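Before reading on, take a moment to turn the model around and look at its overall outline.

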Amino acid sequence: MTKKNSVHPRSGMDVESFRQDITEHLRYTLAKDQFSTTQWDNYKSVVLSVMDRLHDRWLNTQQGYYDNGSKRVYYISMEYLIGRLLDNMLVNLGLQDVAAEAMEEVGLDYDKVREAEWDAGLGNGGLGRLAACFLDSMATLGIPAMGYGIRYDYGIFYQKIENGFQIEKPDLWLRYGNPWGVIRPKTQYNVPFYGNSHAYHDDNGDLRFTWEDTHDVLAVAYDTPIPGYKNDIVNNLRLWKASSSSSIDLKSFNQGQYIDAVRDTQLNENISRVLYPNDKVFLGQELRLKQEFFLVAASMQDILRRFRKKYDDWRKLPEKVAIQCNDTHPNLAIPELMRVLVDEEGLDWDLAWEITEKTMAYTNHTLLPEALEKWPVSLLRNLLPRHLQIIYEINRRFLKEVQAKVGNDRGKISRMSIVGEGENPVVHMASLGIVGSHKINGVAALHSDLIKKTLFRDFYEMYPDKFTNKTNGITPRRWLRQCNRELADLITGKIGEDWVTHLDKLREIEKFADDGEFMKEFVRIKQTNKEKLAEYIEQKRDIKVDVESMFDIQIKRIHEYKRQLMLTLYAITQYNKLKSNPDMDAVSRTILVAGKAAPGYSMAKLFIKLMNDVGEKINNDPDVNGKLKFLFLENYSVTLAEKMIPAADLSEQISTAGFEASGTGNMKFALNGALTIGTLDGANVEIKEEVGDENIFIFGNTVDDVDNLRHEGYNPLDYYEGNGDLKHALDQIRDGYFNEDKELYQPIIDSLLHKGDYFLVLADYEAYVNEQAKVDELYKNKEEWFRKALLNSARVGKFSSDRTITEYAEEIWGIEVKR
């Protein structure tokens, strides 16, 4: 597929070539010498040297796809939580040690150069991180793929903790530019908004529509190379930046109305200005809808331009193009493709619909009905008038099909309608995605089962063959080879490095669980990782943590269903026990929490304040005698995760059963030798199946238990009154023990005791505390603990994103993967 690389010095994969490239870029590209250079200049010269080695591979890969007539996969996602790229690029090119040596020769410190890079936080959490893992796997597997997203000026906010409260600061990831991004100024498309849909009859007398009098925004392409692991393949992530499609209004400018002259330009550029935080619901914000259509329209034009370069028969589109929508956000691609095929290309509706349905696929990521996007008809009518017409027509034809199958079951017809009824009708984007795609997948076995039984039951009964499961995965390149180099080297030394691309081969290290020398090194590596994290904590928080203690970690978005509150209640309970009996035989624990709360999510932000207040009390009380620490680490990011995950002894995966679609943090922790304490939710169910019941701590109500509890009438006060430790902890929160403002935490108390405790924190508390006692007991036997930790690492090969993407390719996209 790829042509042989040239022997140009800038393509050299040896230390000398790389060293020379760094020094030349510093002087001749950046115009810096030893007197004026900064840490950023050093970093950028290294990046440019890496890019030199990517360019041939990148160009050859793309040309190879074109020459071979390969079917292309287009992955459209509003979010990509990429993190730092330098390590990842070097690992995948097989250049990490070469680069480190070359840097040392020119007086650069590898770690300091790496630290100069700002995380590309173009996502809120799991959705965006999954997309980044998938890009890595598609390149590694040699799948002809391209990711599409938005080049937000500001990614997820920078989180500061001030007086225990989360404060959001702008994320200035582009403050010095992004040397990984290559602007393509000639690759730009007009994206229309507003205007009118005009009906007319064509030469054959058929009714046609044009979209007229639109206000256009320009989408400009920025490309980032995505290299596969040591295979010379480089795929592309194309991010769109919004710009004005017209120049400044000179008449206004000449009349002194400068603000008016530039106003439209600024408004247009706002579309790609900021990543929307993951609030519980998008309340019909026009800017968010603009962002979604901007991404879809620019990407669709680019996809179809590439297709039309080689083919003129639209029937071939599903043979040559697969479009995967990552959640509901890009589902406007369905009416947009219909608009292009029917309005611009003149296809009849039925053929256009057949092509569209065969081309599109949709991944669902949530079980929360309120999290499924719904857009007001009034907003769509104003912003995308032609698309609303198309959606109405899709819905009319679909409901006709439904009625033919279910008769006059008005309830079912109403539930399945893409357009809701009532005074303020909305368009259900998930329903549009199901009707307009040939495959709909969940992201864990339990999740996929639940969407068929609950959320989309009516649709599943109508289209059972459309629904499938694709359990999420993580890339072992970043989440073991890169972030835990010593463990990766230990494994490679015993079984070779095939595991990096065939993670199921980790099973081969099971046999070393009884090898004393191997296990001694396995334990040492965990200890070293804990020491590195402890050093980071001391540097950031000026708090010393005991590296001999159990590192008990929960890192994820702060949300009620993820139940950081339950971990906090456990910490309070342990604190109270130590307070009343300082000499008790307790396992020392360092509980670490990190994560961001959406700016508008007041309850989640209150949880952060509570965790900080509880930590302040525990960490400064001499009675606990160093046996317990509780810390909230600010500004959670991919980079911070890469520090915390390898250091974890215990992984907290304690969401209310039936609420977490999958989770991928659970996979990363297990891969790096942490034991899991969790509910039977999301991918925890499959992790338990893989690692074995005896190597995981499972507790709490199951999905069926949750349903039964609600059906029977759950009363949280019964649990409050029936458990003295729980009552004591809640009373302390209420009565000002952790903060003298007694009103501050009343919303938390009310939600638990007087508003139904929807996420069943109190119902699972006792089982959780009891399971934590079993954790303590096992941790006292270090030899057995680490044996189980190794078995976790060895047995989670299923959760490689390479496996996930292979399933997508072969079962959804119609592409054979050669491994």
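The model is a predicted one, and its chain contains 33 helices and 23 strands. The radius of gyration of the chain is 27 Å, close to the 28 Å that the globule rule gives for 819 residues, so the chain is as compact as a globular protein of that length. If the C-alpha trace is followed along its principal axes, the chain spans about 90 × 75 × 60 Å.

| Helix pair | Angle | Axes |
|---|---|---|
| α6 (residues 126–140) and α33 (residues 801–813) | roughly 75° | within 9 Å |
| α12 (residues 349–359) and α14 (residues 385–406) | about 90° | 13 Å apart |

In the pair formed by α6 and α33, the axes cross at roughly 75°, and an angle in the range 65 to 115 degrees counts as roughly perpendicular, so α6 and α33 are described as roughly perpendicular to each other. On the side of α6 the contact is made by Cys 133, Phe 134, Ser 137 and Met 138, while α33 contributes Ser 801, Asp 802, Thr 804, Ile 805, Tyr 808 and Trp 813. Sorted by class, the residues of this contact of α6 with α33 comprise 6 nonpolar, 3 polar and 1 charged.

Helices α12 and α14 pack at an angle of about 90°, and they are therefore also roughly perpendicular to each other. Here Trp 349, Asp 350 and Trp 353 of α12 touch Ile 390, Glu 393, Ile 394 and Arg 397 of α14. The residues of the contact of α12 with α14 divide into 4 nonpolar and 3 charged, with no polar residue.

The last feature is an open space in the protein. The second largest pocket holds about 470 Å³ of space, and of the 17 residues that line this pocket, Gln 62, Gln 63, Arg 238, Arg 306 and Lys 309 are the closest to its centre. Which elements supply at least two residues each to the lining of the second largest pocket? They are the helices α2 (39–68) and α9 (286–308), together with the strands β7 (182–193) and β11 (234–244). Helix α2 gives the most to this lining, with 6 residues. By class, the lining of the second largest pocket is made up of 7 charged, 5 polar and 5 nonpolar residues.

Conventions
Residues are numbered from 1 along each chain as its sequence is written. This is a predicted model: local features need pLDDT of at least 70, side-chain atom pairs count only at pLDDT 80 or more; totals for chains, interfaces and linings use all residues. Side-chain values use heavy atoms; hydrogens and water are left out. On a 1 Å grid over the protein atoms alone, a cavity is a set of points where a 1.4 Å probe fits but cannot get out, and a pocket is an open set with protein on both sides within 12 Å along at least five of seven lines; lining residues have an atom within 4 Å of a point. Grid points are joined across faces, edges and corners, and a volume is the space filled by probe spheres set on the points. Helices (H or I, at least four residues) and strands (E, at least two) are DSSP runs, numbered from the N terminus. Ala, Val, Leu, Ile, Met, Phe, Trp, Tyr, Cys and Pro count as nonpolar, Asp, Glu, Lys and Arg as charged, and the others, Gly among them, as polar. Axes are lines fitted to C-alpha atoms, for helices over the stretch in contact, and angles run from 0 to 180 degrees between N-to-C directions. Angles under 35 degrees count as roughly parallel, over 145 as roughly antiparallel, 65 to 115 as roughly perpendicular and the rest as oblique. Contact means heavy atoms within 4.5 Å. The radius of gyration is taken over C-alpha atoms; the globule rule is 2.2 Å times the number of residues to the power 0.38.
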